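Here are my notes for your first read-through. Keep the viewer open and check each point as you go.

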Amino acid sequence: MTRVVVDVMLKPEILDPQGQAILGALGRLGKSGVASVRQGKHFEIELDGEASPAALAQVEELAANFLSNPVIEDFVVSVGAS
Amino acid sequence: MTASVGVVTFPGSLDDRDALRAIAAAGAEPISLWHKDANLHGVDAVVLPGGFSYGDYLRCGAIARFSPVMDLIIAAAREGLPVLGICNGFQVLCEAHLLPGALTRNIDLHFQCVDQVLSIENTETAWTNGYAKDSRIVIPIKNGEGRFVASEPTLDRLEAEGRVVARYVGTSPNGSMRDIAGITNKRGNVVGLMPHPEHAIDSLTGPSSDGLTFFTSVVKALIAA
């Protein structure tokens, strides 16, 4: 089995109030030095076989049309990472 | 002939019953549709109700958009079938790319539940033809992810083409861009609206009866067609 990871993040220009709330909490926890926090989604996909070009193309298609919303989100597909 | 209007129930829909009731109150025949339906039972229009379809997993409306009945509704909407998406239904319409933009987390992260004043700006759509232009209505809004966002060029295009159907009056409850509460497609048959007209069809159960006109409008549009 091969693990393929899809990370989905809000586009930089889309406001992320959850990230801002986390940043606010860091201040209350007494943590300094953090300028910004943005929250996203992390999908771990186990393929039956190898990460062949065809299998990866399928994951890309899944990431573009289902796991992310292209209006507000960007995604990155990486192989073998966790 | 009586017009029939379908209401889709997805797993997690909440407001399907009120939508069916509003359709009956408007003089049309309400028809329950199921998310797995393989045909639309001959309905003349469709309401996608509010709620939390598929538990709002992944993104609000993202999984509902791929349900079997939505394939039929998306194809029919492109042919002119009147479709109204309320709250979660609006999210489904955006996920299906029948309407531009997206609905994101409320700007203050709070779930907002209030009686909201709206201005009806487009009275040409299948769902708003019974309103007077710029009329003020009061209907409930209840959402956690109702902040309408779109790119600046998309927002400019929506405004230029008169496709903003309803706007929040006063402070927007969710931080929507340009105070947008509802939009329509170019043809005016597909409307997405964050607040809930189906919860305001009589003064016994709602803050007003202002919402009923969405449903009487579509009956009028169907009879004229």
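**Notes on the sheet and the interface**

1. Let's begin with one pair of strands in chain B. Keep in mind that this is a predicted model. Strand E1 (residues 4-9) of chain B pairs with strand E3 (residues 45-48) of chain B in the parallel sense, over three bridges.

2. Now zoom out to the whole sheet. In chain B, nine strands make an open sheet with mixed pairing, and the order is E2-E1-E3-E4-E11-E10-E9-E6-E7. At the edges sit strand E2 (29-34) and strand E7 (135-143) of chain B, each pairing on one side only. From one strand to the next, the twist averages 20 degrees.

3. Next, a helix on that sheet. Helix H3 (residues 88-95) of chain B lies across E3, strand E4 (83-86), strand E10 (180-184) and strand E11 (190-193) of chain B. Its direction is at about 120 degrees to E4(B).

4. Then look at where the chains meet. 16 residues of chain A are in contact with 16 residues of chain B. About 1300 Å² is buried between chain A and chain B, with 70% of that area coming from carbon and sulfur atoms.

5. What about charges and polar groups here? There is one salt bridge between chain A and chain B: Glu73(A) with Arg59(B), whose closest N and O atoms are 3.7 Å apart. Between chain A and chain B, five residue pairs are in polar contact, both residues at pLDDT 80 or more. By class, the side of chain A that touches chain B has 10 nonpolar, four polar and two charged residues.

Key:
Residues are numbered from 1 along each chain as its sequence is written. Chains are lettered from A and ligands numbered from 1 in the order in which they are written. This is a predicted model: local features need pLDDT of at least 70, side-chain atom pairs count only at pLDDT 80 or more; totals for chains, interfaces and linings use all residues. Side-chain values use heavy atoms; hydrogens and water are left out. Two strands pair if DSSP finds at least two bridges between them. Helices (H or I, at least four residues) and strands (E, at least two) are DSSP runs, numbered from the N terminus. Axes are lines fitted to C-alpha atoms, for helices over the stretch in contact, and angles run from 0 to 180 degrees between N-to-C directions. Contact means heavy atoms within 4.5 Å. Buried area is the accessible area (1.4 Å probe) that two parts lose on being put together, summed over both. A salt bridge is a side-chain nitrogen of Lys or Arg within 4 Å of a carboxyl oxygen of Asp or Glu. A polar contact is a pair of N or O atoms within 3.5 Å; within protein, one must be able to donate a hydrogen and the other to accept it, and residues adjacent in sequence count only if both atoms are side-chain atoms. Ala, Val, Leu, Ile, Met, Phe, Trp, Tyr, Cys and Pro count as nonpolar, Asp, Glu, Lys and Arg as charged, and the others, Gly among them, as polar.
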